[in-house]
Amino acid sequence: MIEHPYQALSGGRWLAGNLHAHTTSSDGQRGHQAVIDDYVGRGHGFLMISDHDIYTAVEDYEKYDAQGMIMVPGNEVSANGPHMLHVGAKDWVEPNADRQQVIDEVNASGGGIILFNHPNWHANFNHCPQELFERCEDYVGLEIYNGVISRLEGSPYATNRWDMLLTQGRRLWGFAHDDSHAATGDVGLGWNVVYVQDETAEGVVEALRAGRFYASTGVEINTIEVEANKIRIETENASRIVALKRGAIRCGVADGREIEIEVPEDAGYVRFECWGAGEAFAWTQPFFCS
Ligand SMILES: [Zn+2]
Ligand SMILES: [Zn+2]
């Protein structure tokens, strides 16, 4: 049996959005309106301002013109430990050094979700130790791509961390974000494409919680189909698609825009990486196989 988050794709539409952007309220170089205008101009359907330990609430966004873009309340939990995104925040949550405490408070607040950020930041590629990922529970996922780390020490990619956790049987979603700070070079690097049925901040968060999205740096996915033990992915612009199973072992490779695989019996999970030109990728969420 294959369990996956793309089962209920009806009554909504795909919207792209970035959940990780800083403003002059923390260490970003631009004010809120300039950041909002930039993402509107890129055709994004939702955005979260994620200043360091500064909660941007629904009311705060009312001061700005979102031009129809859905604004998601939240912040980046930053002090006292590895950074996490609090997405769809209902309230301020103390950045407790015990990150499980933060996760528990967010889950008790009745709305928001928590994910871990840029795990492979720093020269030792260890902003978020794997041991913390393994110890914590009830968070929804991690950034498998964080754009700003492209110009800092470490790696913007963290699919290695994700595969280790998925291989242990964890059910976690992979996110791609800009983490934009500067006016140029930091924007439009990574985003999530979410199937949104209710076009509100709550609707976006519910879809994210359910994993009804894929992460992208430029490849667009047109079709995700599951039939019995076959999975088919068709993209607009991939040049190679790779399927990975438990242990990050490759179990399918196709050159071109699409792939169809028969899921191996020992798969555990299967996820797809769609590679395009330059640094364009799309990452599906995992399909859990039992
Ligand atoms: Zn951070
Ligand atoms: Zn950040």
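Me: How many residues lie between E17 and E18 in their hairpin, and which residue in the turn has a positive phi?
Reply: The hairpin formed by E17 and E18 has 5 residues between its two strands, and Gly278 in the turn has a positive phi of about 60 degrees. Strands here are DSSP runs of at least two residues, labelled E, while helices are runs of at least four residues, labelled H or I, and both are numbered from the N terminus. Please keep in mind that this is a predicted model, in which local features need pLDDT of at least 70, side-chain atom pairs count only at pLDDT 80 or more, and totals for chains, interfaces and linings use all residues. Residues are numbered from 1 along each chain as its sequence is written, while chains are lettered from A and ligands numbered from 1 in the order in which they are written.

Me: OK, and how many bridges pair E17 with E18?
Reply: E17 and strand E18 (residues 281-283) pair in the antiparallel sense over 3 bridges, where two strands count as paired if DSSP finds at least two bridges between them. Within this pairing, Glu273 stands opposite Trp283 in E18.

Me: Why is E17 called largely enclosed?
Reply: Strand E17 (residues 269-275) has 5 of its 7 residues buried, so it is largely enclosed by the rest of the structure. A residue is buried if 20 or more other C-beta atoms lie within 10 Å of its own, exposed if 12 or fewer do, and partly exposed in between, with the C-beta atoms placed from the backbone.

Me: Zooming out, how many helices and strands are there?
Reply: The protein has 6 helices and 19 strands. Its radius of gyration is 18 Å, close to the 19 Å that the globule rule gives for 290 residues, so the protein is as compact as a globular protein of that length. That radius is taken over C-alpha atoms, and the globule rule is 2.2 Å times the number of residues to the power 0.38. Of the 290 residues, 48% are buried.

Me: What are the domains, and how far apart are their centres?
Reply: The protein is divided into domain 1 (2-217) and domain 2 (218-290), with bounds that come from an automatic or database domain assignment. Taken over C-alpha atoms, the centres of domain 1 and domain 2 are separated by 23 Å. The contact between them takes 17 residues from domain 1 and 24 residues from domain 2, and two residues are in contact if their C-beta atoms, placed from the backbone, lie within 7 Å.

Me: Which elements of domain 1 give two or more residues to the side that touches domain 2?
Reply: They are strand E1 (2-3), helix H5 (159-167), strand E9 (173-177) and strand E11 (213-216).

Me: Tell me about H5, then: which of its residues are buried?
Reply: The buried residues of H5 are Thr159, Arg161, Trp162, Asp163 and Leu166. What covers them includes helix H4 (130-135), E8, E9, E14 and E17. After H5 comes Gly169, whose phi is positive, near 95 degrees.

Me: And E9, what sheet is that in?
Reply: E9 belongs to an open sheet of 5 strands, with the order E5-E6-E7-E8-E9 and mixed pairing. Strand E5 (74-77) and E9 are the edge strands, each of which pairs on one side only. Strand E8 (residues 141-146) runs parallel to E9 and is joined to it by 5 bridges, and the bridge partner of Gly141 in E9 is Trp173.

Me: Last topic, Trp14: where is it, and what does it touch?
Reply: Trp14 is found in strand E2 (residues 13-21), and it is partly exposed, with 17 other C-beta atoms within 10 Å. Not counting residues up to four places away in sequence, Trp14 touches Val193, Val194 and Tyr195. The C-alpha atoms of Trp14 and Val196 are separated by 6.1 Å, although these residues are 182 residues apart along the chain.
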